[in-house]
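Hi everyone, thanks for making time for this. Have a look at the model on the screen, and I'll talk you through the parts I picked out.

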Amino acid sequence: MNYDQKGPLTNLNLTIENLAQAIFIVNRHAKTAPNPKLLYKLKQETLKKLIKEGKAKKVGLHFSGNPRNSQQQSDVLVECGRYTFHIPPTKSDFLELPHFGKLDERVRNPKATLSLNSAKALLQLYTGISELDQTPSNKKSKTYQKPIFKKLGERYS
């Protein structure tokens with residue numbers, strides 16, 4: 001186990017730049033994680049809190065690169081420090097924010113050098129969300145039952 005996995009965060013402060021880097025790392029890992037729910041929740045709750053505190057701002061709307069069940073879907077573009085992120089829109093966002101159309105693929109966030117564990121710990125410290133809050137409710141414990149074999153001609157009761 002690495003030091004940053006078990007030790008306290010001593011070199012990271014809750015600055016806008018550190019939080020933005022942590023969101024970037026968590027978002028990047030969530031795209032390929034087997035269970036990304038916690039990571040996306042950390043990202044969204046952190047951005048909501050930053051917007052509420054005035055440390056991040058909603059800039060506008062973009063068409064989503066991966067629309068779900070419709071032909072077009074929009075996401076809110078949020079600017080936090082030198083980084084930009086997308087979050088799901090609310091109804092008021094469509095009335096208040098300008099729509100930029102298609103996402104410009106040439107615009108990229110700066111590189112971040114932070115481990116996933118440090119990023120998660122930083123966002124959990126900032127939002128107060130812990131991994132223990134995420135209990136899998138849809139998993140039901142199924143006990144294995146051996147199949148019953150009958151001789152040829154016998155009936156199942």
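This is a predicted model: local features need pLDDT of at least 70, side-chain atom pairs count only at pLDDT 80 or more; totals for chains, interfaces and linings use all residues.

Residues are numbered from 1 along each chain as its sequence is written, and side-chain values use heavy atoms, with hydrogens and water left out.

Let's begin with the core. By nonpolar core I mean a set of buried Ala, Val, Leu, Ile, Met, Phe, Trp, Tyr and Cys residues joined through side-chain atoms within 4.5 Å. Buried is under 20% relative accessible area, exposed is over 50%, and partly exposed is in between, with a 1.4 Å probe and protein chains only. The largest core here has 29 residues, and L50, F85 and L123 touch the most other members. At least two residues of this core come from each of α2 (16-30), α3 (37-53), β2 (74-80), β3 (83-87) and α5 (116-127). Those labels are DSSP runs numbered from the N terminus: helices are H or I with at least four residues, strands are E with at least two. The biggest contributor is α2, with eight residues. In soluble globular proteins, nonpolar side chains tend to be buried together.

Who does L123 meet? If we skip neighbours within four places in sequence, L123 is in contact (heavy atoms within 4.5 Å) with L19, A22, I23, V26, L42, T46 and G128.

Now the rings. Phe, Tyr and Trp rings, using the six-membered one for Trp, pair if their centres lie within 6.5 Å; planes under 30 degrees apart are stacked, over 60 edge-to-face, and the rest tilted. There are two aromatic pairs in the structure. F24 and Y83 have ring centres 5.6 Å apart and planes at 45°, so that pair is tilted. Since F24 is in helix α2 and Y83 in strand β3, the pair ties together parts 59 residues apart in sequence. The other pair, Y83 with F85, is stacked, at 6.2 Å centre to centre and 5° between the planes. Ring pairs therefore link F24, Y83 and F85 into a cluster.

Strands β2 and β3 run antiparallel, joined by five bridges; strands pair if DSSP finds at least two bridges between them. L77 has H86 of β3 as its bridge partner. The two strands form a hairpin with two residues between them, and G81 in the turn has a positive phi of about 65°.

Finally, two single residues. N27, in helix α2, is buried at 13% relative accessible area. Beyond four places in sequence, N27 touches Y40 and K43. G101 is in the loop between α4 (91-96) and α5, and is buried at 15%. With the four-place cut-off again, G101 touches L61, H62 and F63.
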